[in-house]
Amino acid sequence: MTGNYFAAELKKRVEILKEVRLMLAQIKLMVEYNSATVYEIAETLCKDSRLSSLKFLQALSVSIEKVEEVFSEQWENAVNSFRCASLKKEDVRLIASIGCQLGKSGVEGQMSSIKMNEKELEALISDAEGELVRKGKLYRSLGVLSGAFAAVILV
């Protein structure tokens, strides 16, 4: 694996977390203004093309048809099946907790949870962007250097 691969993974983490921010904003609107059920929220999110990097939503849409499972379990299983090397454990934990808190309380309780998730997500995005700036150049430089080293060895 080259340095460019690692730099791309850092960038991908930032992009996915920003999509999660968009997803959370949509959830917030649906809860606050529509008092949407968890299944209405999930259906809307699954159909939104702007959330295409969040592959767990497709897994969620398939599992929703199985009514024997509780929604929070379906959400958590879908998120845990979403294997993405770009995301850190705390990213996955936050994404899982977003869906697990939906529908567990009234509108005010859900809004409170969403606001906490927003703050935590902003911290993760800030961390990811900082890491991209700090390590991205390093990884790209390593890729160039390893290519130059290979060229010297071959000559």
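Colleague: What pattern does the protein chain follow when read along the sequence?

Modeller: The order is α-α-α-α-α-α. The chain has six helices and zero strands, where helices are DSSP runs of H or I with at least four residues, strands are DSSP runs of E with at least two, and both are numbered from the N terminus. This is a predicted model, in which local features need pLDDT of at least 70 and side-chain atom pairs count only at pLDDT 80 or more, while totals for chains, interfaces and linings use all residues. Residues are numbered from 1 along each chain as its sequence is written, and side-chain values use heavy atoms, with hydrogens and water left out.

Colleague: Why is Gln110 counted as buried?

Modeller: Gln110, in helix α6, has a relative accessibility of 9%. Buried means under 20% relative accessible area, exposed means over 50%, and partly exposed lies in between, with a 1.4 Å probe and protein chains only; Gln110 is therefore buried. Across the protein chain, buried residues make up 39% of the 155 residues.

Colleague: What is Gln110 in contact with, leaving aside its neighbours within four places in sequence?

Modeller: Contact means heavy atoms within 4.5 Å. On that basis Gln110 is in contact with Val31, Gln101, Leu102, Gly103 and Ser105. Gly103 follows α5 and has a positive phi, near 75 degrees.

Colleague: Why is Val133 called exposed, and why is Leu132 called partly exposed?

Modeller: Val133 lies in helix α6, and its relative accessibility of 60% is over the 50% limit, so it counts as exposed. Leu132 also lies in helix α6, but its relative accessible area of 22% falls between the two limits, so it is partly exposed. The C-alpha atoms of Leu132 and Glu9 are 9.1 Å apart, although 123 residues separate them along the chain. Val133 and Leu10, likewise 123 residues apart in sequence, have C-alpha atoms 9.2 Å apart.

Colleague: How do you know that the side chain of Thr44 and the backbone oxygen of Glu40 form a polar contact?

Modeller: A polar contact is a pair of N or O atoms within 3.5 Å; within protein, one must be able to donate a hydrogen and the other to accept it, and residues adjacent in sequence count only if both atoms are side-chain atoms. The backbone oxygen of Glu40 lies 2.9 Å from a polar atom of the Thr44 side chain, and this distance is within the limit.

Colleague: What makes a group of residues a nonpolar core, and which members touch the most others in the largest one?

Modeller: Such a core is a set of buried Ala, Val, Leu, Ile, Met, Phe, Trp, Tyr and Cys residues joined through side-chain atoms within 4.5 Å. The largest has 38 residues, of which Met23, Ile27, Leu45, Phe56, Leu57 and Trp75 touch the most other members. At least two residues each come from α1 (3-34), α2, α3 (56-63), α4 (71-81), α5 (89-101) and α6 (107-154). The largest share, nine residues, is supplied by α1. In soluble globular proteins, nonpolar side chains tend to be buried together. Apart from its neighbours within four places in sequence, Leu45 is in contact with Met23, Gln26, Ile27, Met30, Leu51, Leu57 and Trp75.

Colleague: How do you know that the span of α5 agrees with the one it should have?

Modeller: The expected span of a helix is 1.5 Å times one less than its number of residues. For the 13 residues of α5 this gives 18 Å, and its end C-alpha atoms are 18 Å apart, so the two agree. The buried residues of α5 include Asp91, Leu94, Ile98 and Cys100.

Colleague: Which residues line the largest cavity, and what makes a space a cavity?

Modeller: On a 1 Å grid over the protein atoms alone, a cavity is a set of points where a 1.4 Å probe fits but cannot get out, and lining residues have an atom within 4 Å of a point. Grid points are joined across faces, edges and corners, and the volume is the space filled by probe spheres set on the points. The largest cavity has a volume of about 30 Å³. Its lining consists of Ile98, Gln101, Leu102, Gln110, Ser113, Ile114 and Asn117. Helix α6 gives the most to this lining, with four residues.

Notes. On a 1 Å grid over the protein atoms alone, a cavity is a set of points where a 1.4 Å probe fits but cannot get out, and a pocket is an open set with protein on both sides within 12 Å along at least five of seven lines; lining residues have an atom within 4 Å of a point.
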